[in-house]
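Subject: Structure handover

Hello,

I am passing on the structure below, together with notes on what was found in it. Please read the notes with the model open.

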Amino acid sequence: MDESVFYTPSTATDAAELSFLASIRSNKSHVQFRQCAANAASITGTGQGHRLFVACPEKALIQVYLWGKESPEQKMAVPEELTSLLWVHIFGAGFLVGGGKSGRLYVWELASGYLLSAKEAHYQEVSCLEVSHDGQVLVSGGKDSRVLIWRLADLIQFSSDPLPKPIHVLTNHSLPITSIALTKGISNDIKLFTSSLDGEVRHYNVSNGELLTTFIFGEPVNALAVDPAQRYLYAGLSSGTIRLVPLFIVNHKNQLESNTGCGKLVSATSADDPESQFIITSHQDSPVTCLQVSADGGLLVSADSAGKVFVNDIVSRQVARQLRDCSGPISTLRLLINDLERVEPSDLSTKASTPRILPNLKRSLISDTEISKHDINIPAAGTPEGDIGSLASDNEQLKEQFDLRGFCNQVRKEHVVYQLNTEEEAAVDQSVQQQQQDTDENVSTQQYASQLKEMTKAYNELKRVHQDLYSEHLKLLDRD
């Protein structure tokens, strides 16, 4: 296994500008794509069958690349120029979420091309999108300084009545939102970090939208990343520095305590770190545009407006590796965990099957007629490897269909067996408890008997000594 980084520029001086997918632990470059300048891009994975979606700048167009091919395989017209793009896999299906220049939020089903949602989300363009690790929550940030938290299931519903609404609207920032970072974990424990040009990073609880902490940097923050173990918050600043903010500190009792929560204000300016212990300066004067942390939390991959990409060692704060440069500012940077045996494009020549062409993305919302013809088939065993998935999947590799009746019967049988086992275990536990209680009583009785025997012996010995002393006393009296 290896961990690779995909990155692409937002503008290009050359019409054949390249984007790359390269290893962060070696000097190996796996794949490159041409004509790939993008407002935003999203890659589904590594290996045959995976795709790269690119939102073209200044065009209402999405380019689709197949894994291992440098040139675009498809070009799809969309309702408007997209400024952010995100691929999501949920419910056994693949969806493409796009944020428009007008502030609209679009959701397409990839296998059919249907436009499931076109929501007036922000007053200005959508600047960033992020989805939770379990695919349940979608967060959008816009240049209107608002952050919206959505339930993704509400956005992919096939009915426009009622209209989907965000579960939380966060309005604490005063300038455009630049980046969003979500922690991993269960839904009720996911934390959200948002950065803005106002020089502040806000820390929220996703479940209730509560503001937990405000980090003050004193200059615009362009990019965010969070350590997988939530030890550090990494902020890429407009000055070109990357600042590390500890999320846990050692208090005066030498105990580890949280540095966040309860509406706390945390200053993270350069004046709070005069010895520069929590600063990475690999980008010098070029504003940092993207940040990503490796799966083990040991490496920080960063990109800037000059097209440079560095792999930084977090412990030493030094550059471990510099990747191939792009000619323009880096707009998208994503880390992928991939199998080295599947990542090489040369493997494609040995494969017999060819990935099917995706249907063009619709520019109008799905109609009632299309809904009635749209069969929903969610595979029980998950999506085959390399497939983007769909709610209307016709994948021939999936031979076993989900049998609801058989599944319910199987669960009913397991429940009966579980109930019988539970009753037997309860009877056994009761018997064991009674035996234990009897044993404890016997032990207590033996202990009391032993103590009484010792006390009786001591009393008899004391009585004998007293009688001897009394006899001696009588003899002395007789002599007198």
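In the hairpin of β5 and β6, Glu58 takes a positive phi near 60°, and 5 residues lie between the two strands. Strands here are DSSP runs of E with at least two residues, helices are runs of H or I with at least four residues, and both are numbered from the N terminus. The model is predicted, so local features need pLDDT of at least 70 and side-chain atom pairs count only at pLDDT 80 or more, while totals for chains, interfaces and linings use all residues. Residues are numbered from 1 along each chain as its sequence is written, and side-chain values use heavy atoms, with hydrogens and water left out.

Buried means under 20% relative accessible area, exposed means over 50%, and partly exposed is in between (1.4 Å probe, protein chains only). Arg51, Phe53 and Ala55 are on one side of β5, Leu52 and Val54 are on the other, and both faces are covered.

β5 pairs with β6 (residues 61-66) in the antiparallel sense over 5 bridges; two strands count as paired if DSSP finds at least two bridges between them. Val54 stands opposite Gln63 in β6. β4 (residues 40-43) also runs antiparallel to β5, and 4 bridges join them. Here Ser42 has Phe53 of β5 as its bridge partner.

β8 is largely enclosed by the rest of the structure, because 8 of its 9 residues are buried. It runs antiparallel to β9, with 8 bridges between them, and His89 is partnered by Gly94 in β9. The hairpin of β8 and β9 has 2 residues between the strands, and Phe91 takes a positive phi near 60° there.

Thr83 lies in β8, which spans residues 82-90. Thr83 counts as buried because its relative accessibility is 11%. The side chain of Thr83 reaches the backbone oxygen of Val126 at 2.5 Å. This is a polar contact, meaning a pair of N or O atoms within 3.5 Å; within protein, one must be able to donate a hydrogen and the other to accept it, and residues adjacent in sequence count only if both atoms are side-chain atoms. Leaving aside neighbours within four places in sequence, the residues in contact with Thr83 include Asn39, Gly99, Lys101 and Glu125, where contact means heavy atoms within 4.5 Å.

Nonpolar cores

The largest nonpolar core has 21 residues, and Val97, Leu105 and Leu138 have the most contacts inside it. Such a core is a set of buried Ala, Val, Leu, Ile, Met, Phe, Trp, Tyr and Cys residues joined through side-chain atoms within 4.5 Å. The elements giving two or more residues to this core are β8, β9 (93-100), β10 (104-109), β12 (126-131), β14 (147-151) and α1 (152-155). Another core, of 17 residues, lies apart from it; among its members are Ile62, Leu85, Leu110 and Leu115.

Leu138 is in contact with Leu86, Val97, Leu105, Trp150 and Leu155, among others, leaving aside its neighbours within four places in sequence.

The sheet of β27 to β30

An open sheet of 4 strands has the order β27-β28-β29-β30, with antiparallel pairing. β27 (288-293) and β30 (318-322) stand at the edges with a single partner strand each, so one side of each is left without a neighbour in the sheet. β27 and β28 (residues 299-304) pair over 5 bridges, and Gln292 has Val301 in β28 as its bridge partner.

Phe278

Phe278 is in the loop between β25 (264-267) and β26 (279-280). Phe278 counts as partly exposed because its relative accessibility is 24%. Not counting residues up to four places away in sequence, Phe278 touches Tyr232, Ile242, Arg243, Leu244, Pro246, Asp273 and Arg317. The C-alpha atoms of Phe278 and Ile314 are separated by 9.6 Å, with the two residues 36 apart along the chain.

The whole protein

There are 4 helices and 31 strands in the protein. Of its 480 residues, 45% are buried. Among contacts between residues at least 6 apart in sequence, 50% join residues at least 24 apart.

Regards
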